[in-house]
Amino acid sequence: MKKMNIAAILLLSAVLSACGDAAQTNTETTAPISSETTTTIEETTEDPYADQRAAFDALPTLDLDGAEFIVAAQEATGCSEKEIYVEATDGEVVNDAIFARNMAVNERFNCEIRVNGCDVNKAVRTAVSAGDTSYPLAFPSLSMAGTLARSGYLVDFHDMDVISLDRPW
């Protein structure tokens, strides 16, 4: 502990000595900066999402005629429904990205993404048992997903011909 205190004091003294009386010892003069100085910055950054955009653009054209795409999301977590749907942009990066994603999908496929914050376990069991297709997508918690899958209420994405999990989604 004593060595640590000594090291801290030495470090602090080194920092403070560097801040010494510089105003008295600095005798250099500098030339005024010309107001005509220009700097050119060349933008060479690549789009980090180019692969995802290309995959989205390669999807088949489909017009869903304004249909609602309702996602069952676990309301109790307080956030899962916000990962699927937000009402509007608010300046927060994730919120605005979710809104932009949904708008791109809505425009591309002429549909409306909506979320139903609910008890996903109950909603999925009820809908599937009744043959109701109200929820084409469910967003359960991890523990609920396991329970629903073991009970045969969920479809494995690997078994769906229209979903390619090897794409850069």
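**Pocket, fold and loop residues of a predicted model**

Asn110 is found in the loop between H5 and E2. Helices (H or I, at least four residues) and strands (E, at least two) are DSSP runs, numbered from the N terminus. The model is predicted: local features need pLDDT of at least 70, side-chain atom pairs count only at pLDDT 80 or more, and totals for chains, interfaces and linings use all residues. Residues are numbered from 1 along each chain as its sequence is written, and side-chain values use heavy atoms, without hydrogens and water.

Phi of Asn110 is near 50°, a positive value in a residue other than glycine. Asn110 is partly exposed, at a relative accessible area of 33%. Here buried means under 20%, exposed over 50% and partly exposed in between (1.4 Å probe, protein chains only). Asp65 also has a positive phi, about 55°, and is not a glycine. Asp65 sits in the loop between H3 and E1. This residue, Asp65, is exposed, with a relative accessible area of 68%. Most residues other than glycine have a negative phi.

The protein chain holds seven helices and three strands. Along the sequence, their pattern is α-α-α-β-α-α-β-α-β-α. The chain has 169 residues, and 15% of them are buried. Among contacts with a separation of 6 or more, 66% join residues 24 or more positions apart. A contact means heavy atoms within 4.5 Å.

The mean pLDDT (the predictor's confidence in each residue, from 0 to 100) is 77, and 70% of the residues score at least 70.

The largest pocket has a volume of about 2100 Å³. Of its 43 lining residues, Phe69, Val105, Leu137, Phe157 and Ile163 are the closest to its centre. On a 1 Å grid over the protein atoms alone, a pocket is an open set of points with protein on both sides within 12 Å along at least five of seven lines; lining residues have an atom within 4 Å of a point. Volume is the space filled by probe spheres set on the points, which are joined across faces, edges and corners. H5 gives the largest share of the lining, seven residues. By class, the lining has 35 nonpolar, five polar and three charged residues. Ala, Val, Leu, Ile, Met, Phe, Trp, Tyr, Cys and Pro count as nonpolar, Asp, Glu, Lys and Arg as charged, and the others, Gly among them, as polar.

Key: On a 1 Å grid over the protein atoms alone, a cavity is a set of points where a 1.4 Å probe fits but cannot get out, and a pocket is an open set with protein on both sides within 12 Å along at least five of seven lines; lining residues have an atom within 4 Å of a point.
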